[in-house]
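Morning, everyone. Let's get the model up on the screen and walk through it.

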Amino acid sequence: MLIYGVALMSGCMIVGTFLGYLVGNLVGISANIGGVGIAMLLLVIVSRYLMDRDQLSKLAQDGIKFWSAMYIPIVVAMAAKQNVLAAFDAGALAFIAGLGSVLAGFLLIRPIAALSPKSAPENNAAE
Amino acid sequence: MFLDILNTALGKYPLVLAFACVGLIMWVAYALGKLTNNRVHGSAIAILIGLILAYIGGVLTDGKKGIADITLFSGFALMGGGMLRDFAIVSTAFGVKLEELKKAGLPGAVALVVSVIIATVLGSLAAYAFGYTDPVDMATIGGGTVTFIVGPVTGAALGASSEVIALSVAAGVVKSIAVMILTPFLAKVAGLDNPAAAAVYGGLMGTTSGVSAGLAATDPKLVPYGALTATFYTGFGCLVVPSVGYMAILALFG
């Protein structure tokens, strides 16, 4: 059933949120540290496990894929509810700080991504 | 009478109206994308239309939630709110290969740490340059440069004034929107075309809204990798900026 996939995702998200707040609590702040990220890891692992055992039906997968396909429309709605006016009206200080960190980020993508283990196709074939 | 009924019908199911409007936006955006021979991706145009609507909503209502502050379009707040956004982000992890994630793990984590430091330093130095020389103010504005959530958290923890907290939120909002707009244009030059680079990008930019929109407009296949690291960013920032970050600023400028 379609709902099985949606419920699986929801379960991952609830467990992830719980763990995120637990981690936050352990380090002394009341914030969710990486809850969504933990939920994503859970979903990757659990869905892989179930699919390897043929326990995740096509319909259940479609339940997850529906939300995945809704991702961009949801992001568009998110863009439409941003406080764009505040960004445009922000003074020079907010602009310099905000834009500066973004540009620094773009400059650093290549050097830091180079730390990734090389993924040349022939290496993968050999493994 | 006719207009009244029309108004009631449109306002009856705000979320449903938002679905219909976003569907229309997507259709227009992808049609425009085709006109440019898909050199500008349809989703990038759709996000830009969303931002323009948000600006219009802000001008008309003077509110903080863009188009969603107009009563008729309040459904945008639910559709684009944190709950459905995070749910959809989690769903993108379906189909991700664990091997790719492992490769992206180390650089993603490095990016996270490096970027929180750089954002805090840049933000607090900019604050200093504009006359906010008190370590509490510097740390708060530095936190806002990490993300618009870290700023207020830092400010509240250290007891910053509301003016400074508002400034830190503004810095974070500028960052988030700059990431949305700039990513599709800078992706190629910056080497943002594989899972590891996406994880690094997520760790460097950190703003979940900016990263999720930026990658959606660039290459939807990269979304899960970037989103995964980005979702750790705000929590990590809330942890280190008011503590280690503030202490470092205090030691240097106090």
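Start with residues 120–127 of chain A, where pLDDT stays under 50. For that stretch the model has 2 contacts beyond four places in sequence. Keep in mind that this is a predicted model. Chain A as a whole has a mean pLDDT of 84. In chain A, 92% of the residues reach 70 or more.

Now the interface. How many residues of chain B are in contact with chain A? The count is 90 on chain B, against 64 residues of chain A. On the chain B side, helix 6, residues 98–129, gives the most, with 16 residues. By class, that side of chain B divides into 68 nonpolar, 16 polar and 6 charged residues.

Next, the core. The largest nonpolar core has 130 residues. Which members touch the most others? They are A:I109 and B:I47. The largest share of this core comes from helix 12 of chain B, residues 223–253, with 14 residues.

Zoom in on B:I47. Leaving out residues up to four places away in sequence, B:I47 touches A:V75, A:V76 and A:A79 in chain A. Within chain B, B:I47 touches B:M180, B:A213, B:A216 and B:A217.

Last, the domains of chain B. Domain 1 covers 2–80, and domain 2 covers 98–253. Their centres, taken over C-alpha atoms, are 27 Å apart. What links them by contact? Here 5 residues of domain 1 are in contact with 6 residues of domain 2. The domain 1 side of that contact has 3 nonpolar residues, 2 polar and no charged ones.

Methods. Residues are numbered from 1 along each chain as its sequence is written. Chains are lettered from A and ligands numbered from 1 in the order in which they are written. This is a predicted model: local features need pLDDT of at least 70, side-chain atom pairs count only at pLDDT 80 or more; totals for chains, interfaces and linings use all residues. Two residues are in contact if their C-beta atoms, placed from the backbone, lie within 7 Å. Helices (H or I, at least four residues) and strands (E, at least two) are DSSP runs, numbered from the N terminus. Ala, Val, Leu, Ile, Met, Phe, Trp, Tyr, Cys and Pro count as nonpolar, Asp, Glu, Lys and Arg as charged, and the others, Gly among them, as polar. pLDDT is the predictor's confidence in each residue, from 0 to 100. Domain bounds come from an automatic or database domain assignment. A nonpolar core is a set of buried Ala, Val, Leu, Ile, Met, Phe, Trp, Tyr and Cys residues joined through C-beta atoms within 7 Å. A residue is buried if 20 or more other C-beta atoms lie within 10 Å of its own, exposed if 12 or fewer, and partly exposed in between; C-beta atoms are placed from the backbone.
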